[in-house]
Amino acid sequence: MLGRTESESSAHAALAARLGEWSGVAGHSAGSVPSLADDVELLDLGTATDTLATVASIADLAAVVHLGHPEQPATRLEESLLAGDPSLILTAAVAVPQQWVWVGRPDATGGAVVIDEPGLRDCRDVLRTMGVSPRLVPTRTPVEERVAIAGPAGSLVVERDRVPAGLVELPGSEHLAGRRPVWYGLLESRPDWPRFDRPAQVWLAFGPYDDHRGSLQPTLAVIADAGIDLQHLRSHPSDLGPHVFFTSFSCPRVEVLDALVAELDARGIAHRTLAVLPGHDLVPGPQALSPRWAGA
């Protein structure tokens, strides 16, 4: 069985399950062509906290979750995973073409632009450049209710397969369709991380053995000695004292990860593997920055 959080786009999550060929999706068989026309609905597992707890407690239940990007995980997801059951781990990732469209009545002339949580997450920047002021509604809000909230002059941002009869795409909708794909992952409960003999993206959280100036350096040395280049590193205060550090890196094979965590264990450094996502040079990559360095 597969589920999702109550605040996630059901259309995008189901498409991710088809593209990833993840088990448990009704109407899908290995080798079939993914299609939005398939009648697939993932289980609504409630809040993010409820979703993690349910996946951890029910055998053969997994969840499709929004990742941010495999190389640069979404902050809230990292923290939720670390605070959840230790058996939880992400084991696959797939990039999903965005399905958002901007629709309204043919004579729509302004008014409210009704959008839900995942729509705002994925389209906020484009809507801002278009001068649109969205009106946020819960993801569970039925399309019929959204149409009523928008009124005769308003409009909606919804998934393409949920456009109600009588509404058409508005000028500017093409900018939403041109957005980069959205990354989703498969969340499972497992006793250990998957074995892999080809490169995989690993999310590793750790806390230094002591929280003092320079205490991060020995752990970074362990990672460097393993031949690993970090693509993502951030810290967050911990209620146990030492900061928690979240990392993401490409790992060539599972033996390298095994050796790394064995060395962390030997040094008394707390750690947890949050994701093992098969793949290398995951495209599209994260959004690139154009830094302007002081003194350059």
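Arg121 and Glu8 pair up in a salt bridge, with their closest N and O atoms 3.0 Å apart. (A salt bridge here is a side-chain nitrogen of Lys or Arg within 4 Å of a carboxyl oxygen of Asp or Glu.) Arg121 sits in helix α4 (residues 117-129) and Glu8 in the loop between β1 and α1, so this pair ties together parts that are 113 residues apart in sequence. The helix and strand labels come from DSSP runs, numbered from the N terminus: H or I over at least four residues for helices, E over at least two for strands. The model is predicted, so a local feature needs pLDDT of at least 70 and a side-chain atom pair counts only at pLDDT 80 or more, while totals for chains, interfaces and linings use all residues. Residues are numbered from 1 along each chain as its sequence is written, and side-chain values use heavy atoms, with hydrogens and water left out.

(Buried means under 20% relative accessible area, exposed means over 50%, and partly exposed is in between, using a 1.4 Å probe and protein chains only.)

Across the whole structure, the search turns up twelve salt bridges. Another one of them joins Glu6 to Arg140, again with a figure of 3.0 Å between the closest N and O atoms. Glu6 lies in the loop between β1 (2-4) and α1 (10-19), and Arg140 in the loop between β7 (134-136) and α5 (143-150), so parts 134 residues apart in sequence get tied together. Glu6 counts as partly exposed, with 23% relative accessibility.

Arg162 and Glu159 make a salt bridge as well, and here the closest N and O atoms are 3.2 Å apart. Arg162 is partly exposed, with a relative accessible area of 24%, but Glu159 is buried at 0%. As for shared partners, salt bridges link Glu6, Asp44 and Arg140 into one network.

Then there are the aromatic rings. Rings of Phe, Tyr and Trp (its six-membered ring) pair if their centres lie within 6.5 Å; planes under 30 degrees apart count as stacked, over 60 as edge-to-face and the rest as tilted. By this rule there is one aromatic pair. Phe206 and Phe245 make it up, and they are stacked, at 5.5 Å centre to centre with 20° between the planes. Phe206 belongs to strand β11 (residues 200-207) and Phe245 to strand β13 (residues 241-251), so the pair links distant parts of the chain, 39 residues apart. Both Phe206 and Phe245 are buried.
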